[in-house]
Amino acid sequence: MTAASCVTTASCVTAASCVTTAFCVAVLAGCGDSISPVDPWDTGVGPDPVPAPVDLSRVWAASTPEAQGFDPELLGGAFANAADAVPNIRSLVALRNGRLVEEAYFGGMRRDSAFDMRSVTKTVTALLVGLASDRGLLDADDPMTDRLQHPSLRSEHGAIRVRDLLTMTSGIQWSDEEDFGPWVRSGRPVGYVLDLPIVASPGRRFIYNTGGSHLLTVIVENVVDGSALEFAERGLLGQLGIDHKRWPVMQDSVIVGGAALALRARDAAKVGQLLLQGGRSGSRQIVSRAWVEAQIGRIVAVGDIGYVLRDAGYGYQTWSDRQGGGDDVSAFVLWGYGGQFVWAVPDRQLVVVAQTHWRGTGDQDGRQADAVADLIVRRVIEAARPISR
């Protein structure tokens, strides 16, 4: 993703990052009645029935393109040409109706390879906050200062809510391009963020902030028994049958909230499917549906940020796009630097995962992400469109 400078119009895109998904987009957050979360399950009549929630603790059941409503020729062409379209692609996986339909791996990657998906991590972090909220350990409207203790806290931090961190509207100055590297090297993952100036009223302006995402995992660690990682393994990843992953910690011994979670492509698809199923896995409600609706909803209007997202919104650490499944078809998107994607289309009961080699892409990050998005939207999702009646 790319980023540059913060501006204050809803149609702006901004500029770049070095080692994680990077934005410093500043737009007005919809704090009034004019913006409301989108209910992705309210899809009208639609051609695709919503299937019973898949038990995500189990291995994916496989199916054929024909059985799941794909055009097999179009889908086969998308996978056959994936490496030509995106030379750095490492995996491409398509699921529909909770069934694994097609997968391919490239550049030495294998089905069991766990891959660092950069800012896709943020969506998983928000799920952990949701788990803690569901258990009554915190509330999204809690002041950040009630859940975070640190000598760098100032009185002006008192207006920042947990919700503002979730929606990237804390008002804390940040640019991944300028701050991510120094933040990682600082040895002060909380203090570095809190020492930055507050440049907007909390809840009013979108400023993409990976450091703020890390504050969320610190908050989770402060309210749960044991570590945030143990909480994640026990309450979320273990419930989804995800036992092969890497989630590094920062110098404060807390898992990185904004990047670096490495997952197998099939397991990344489980995160997308959990959200598609309203937080359910089989008969179990893992995360409350109300939380999921907010997480993948359009709480903040971001606008056109390039090909990847043309009518973007942001919920809890998760993107949405009213055109992300093609013309007039909504999608929600887990997006990481360099073109790491978990792309879900509720109206098609579809989840697509793409992983790419991202190290050293630098200024090419945006182009690569665009190419992956084009492959997903114009090739894979297009193959899943229902036949006209």
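A polar contact here is a pair of N or O atoms within 3.5 Å; within protein, one must be able to donate a hydrogen and the other to accept it. Keep that in mind for the start of helix 1. There, a side-chain oxygen of Asp71 comes to within 2.9 Å of the backbone nitrogen of Glu73. One caution before going on: this is a predicted model.

Now the overall picture. The chain has 389 residues, and 60% of them are buried. It holds twelve helices and 13 strands. Take the contacts between residues at least 6 apart in sequence: 67% of them join residues at least 24 apart. The accessible surface is about 14,300 Å², and carbon and sulfur atoms account for 48% of it.

What is its strand order? Reading across, it goes 2-1-13-12-11-10-9-8. The sheet is open, and the pairing is antiparallel. Strand 2, residues 99-105, and strand 8, residues 300-303, are the edges. Each has a single partner strand, so one side of each has no neighbour in the sheet. On average, neighbouring strands are turned by 20 degrees against each other, direction ignored.

Look at strand 13, residues 350-356. Is it buried or exposed? Seven of its seven residues are buried. Both faces are covered. On one side sit Leu350, Val352, Ala354 and Thr356. On the other are Val351, Val353 and Gln355.

Strand 13 has strand 1 as a partner: seven bridges join the two, running antiparallel. Arg96 has Leu350 as its bridge partner there. Strand 12 also pairs with strand 13, antiparallel, through five bridges. In that pairing, Ala344 stands opposite Val351. Strands 12 and 13 form a hairpin, with four residues between them. In the turn, Gln349 has a positive phi of about 50 degrees.

Further along the sheet, strand 10, residues 319-321, meets strand 11, residues 331-336. How many bridges join them? Three, and the strands run antiparallel. Ser320 faces Phe332 of strand 11.

Now the helices on this sheet. Helix 3, residues 120-134, packs on it and touches strand 9, strand 11 and strand 12. The direction of helix 3 makes about 115 degrees with that of strand 11. Helix 3 has 15 residues and spans 22 Å from first C-alpha to last, close to the 21 Å expected. Of those 15 residues, 14 are buried, so helix 3 is largely enclosed by the rest of the structure. Just after helix 3, Gly136 takes a positive phi of about 75 degrees.

Back to helix 1, residues 72-80. Helix 1 lies across strand 1 and strand 2, at about 30 degrees to strand 2. Which of its residues are buried? Leu75, Gly77, Ala78 and Phe79.

Two bridges join strand 3 to strand 5, residues 262-263, and the two run antiparallel. Phe115 stands opposite Leu263 in strand 5.

That's the tour.

Conventions:
Residues numbered from 1 in each chain as written. Predicted model: local features only at pLDDT ≥ 70, side-chain atom pairs only at ≥ 80, totals over all residues. Heavy atoms only, no water. Buried < 20%, exposed > 50% of the residue type's maximum accessible area, 1.4 Å probe, protein only. Contact = heavy atoms within 4.5 Å. Areas by Shrake-Rupley, 256 points an atom, 1.4 Å probe, with all protein chains shown as cover. Pairing = 2+ DSSP bridges. Axes fitted to C-alpha atoms, helices over the stretch in contact; angles between N-to-C directions. Expected span 1.5 Å × (residues − 1).
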